[in-house]
Amino acid sequence: PRDAAPVLRPAGLLSAAAPDPTAAPHNADPDTSAPPWKSEGPRNPAPPTDAAPSTDSAPSSGAVPLLEGVGAGRDVVPELPKSVRVGQRFAEYALRESGIGWRSTGHCSDRTVASCTSFEGVRWGTVKGLIDFAAASGCEVTVTGGTERGHAGGAYSHANGYKLDIATGSCVDRAVKRYPSTGVRGDGARLYRSPDGTVFAREKDHWDITFR
């Protein structure tokens, strides 16, 4: 399904040159004393410029400049259509500035490797939905799965940018279970649905979340 006509240049985009969209992503965290990919230190002074607008067709590998002067965070995030797909660096920035961390078993972000955690081509509505959940719950949220290969397919899949996996935990579990239970998925995962239609599926060691 398509949410809207292609959004080629959302209002407020800069004309400055963007980082090379073909550049290899950061694939390792040298500080092994901290959870891989966990954000540390002060917030970035400015967002990276690698948002990749497209509609809900196949994710684009292109990149364009991002909004000028965006102050990301739980209270201030970019105003973009849900269907816009964003690049790895922008997704990392938006999540980190909102207090959300991420990790992967492979300490990498390569979308083609199942052991990585990639945000390349994720829908902005998915990123924003997770930011909203973290803010409303007050929980520490850690992403464990994104658009990388290895997940089940389908229209509303990880690969199509609609899903993120997050780690379980007492706070996260309580927050999700405040929502009404909507039964059990075919694989046995219990389902919960928030008022905005976000679906949380309790898999073995994480929450599989679908944002529409």
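## Exercises on a predicted model

Ser118 is buried, as its relative accessible area is 0%. The structure is a predicted model, and the exercises below start from this residue.

**Exercise 1. Determine where Ser118 lies and which residues surround it.**

Solution. Step 1: locate the residue. Ser118 belongs to the loop that runs between strand S3 (101-102) and strand S4 (122-123).

Step 1: assign its burial class. Buried means under 20% relative accessible area; Ser118, at 0%, is therefore buried.

Step 2: list the neighbours. Leaving aside residues up to four places away in sequence, Ser118 touches Gln88, Ser109, Asp110, Arg111, Gly146, Thr147 and Glu148.

Step 3: The side chain of Ser118 reaches the backbone oxygen of Ser109 at 3.3 Å.

**Exercise 2. Describe helix H1 in terms of burial, and state what follows the helix.**

Solution. Step 1: count the covered positions. In H1, 8 of the 10 residues are buried, and the helix is mostly covered.

Step 1: name them. The buried residues are Gln88, Phe90, Ala91, Glu92, Tyr93, Ala94, Leu95 and Glu97. Gln88 is also among the residues that Ser118 touches.

**Exercise 3. Classify the aromatic pair of Phe90 and Trp124, then that of Tyr192 and Trp207.**

Solution. Step 1: note the total. The structure holds 6 aromatic pairs.

Step 1: apply the geometry. The ring centres of Phe90 and Trp124 are 5.4 Å apart and the planes meet at 15°, so this pair is stacked. Because Phe90 lies in helix H1 and Trp124 in helix H2, the pair ties together parts that are 34 residues apart in sequence. Phe90 is buried at 1% relative accessible area, and Trp124 is buried at 2%.

Step 2: treat the second pair. Tyr192 and Trp207 are edge-to-face, with 5.8 Å between centres and 70° between planes. Tyr192 in strand S8 (residues 190-193) and Trp207 in strand S10 are 15 residues apart, and both are buried.

Step 3: Phe133, Tyr179 and Phe200 are linked into a cluster by ring pairs. The charged end of Arg202 sits over the ring of Trp207, 5.7 Å from its centre, while that of Arg212 sits over the ring of Tyr156 at 3.8 Å from the centre.

**Exercise 4. Trace the strand pairing from S3 through S5 to S6.**

Solution. Step 1: pair S3 with S5. The two strands run parallel and are joined by 2 bridges, with S5 covering residues 142-145; Trp102 stands opposite Val143 in S5.

Step 1: pair S5 with S6. These strands run antiparallel and are likewise joined by 2 bridges; Val143 stands opposite Ile166 in S6.

Note on methods. Residues are numbered from 1 along each chain as its sequence is written. This is a predicted model: local features need pLDDT of at least 70, side-chain atom pairs count only at pLDDT 80 or more; totals for chains, interfaces and linings use all residues. Side-chain values use heavy atoms; hydrogens and water are left out. Helices (H or I, at least four residues) and strands (E, at least two) are DSSP runs, numbered from the N terminus. Buried means under 20% relative accessible area, exposed over 50%, partly exposed in between (1.4 Å probe, protein chains only). A polar contact is a pair of N or O atoms within 3.5 Å; within protein, one must be able to donate a hydrogen and the other to accept it, and residues adjacent in sequence count only if both atoms are side-chain atoms. Contact means heavy atoms within 4.5 Å. Two strands pair if DSSP finds at least two bridges between them. Rings of Phe, Tyr and Trp (its six-membered ring) pair if their centres lie within 6.5 Å; planes under 30 degrees apart count as stacked, over 60 as edge-to-face and the rest as tilted. A charge sits over a ring if NZ of Lys or CZ of Arg is within 6 Å of the ring centre and within 35 degrees of the ring normal.
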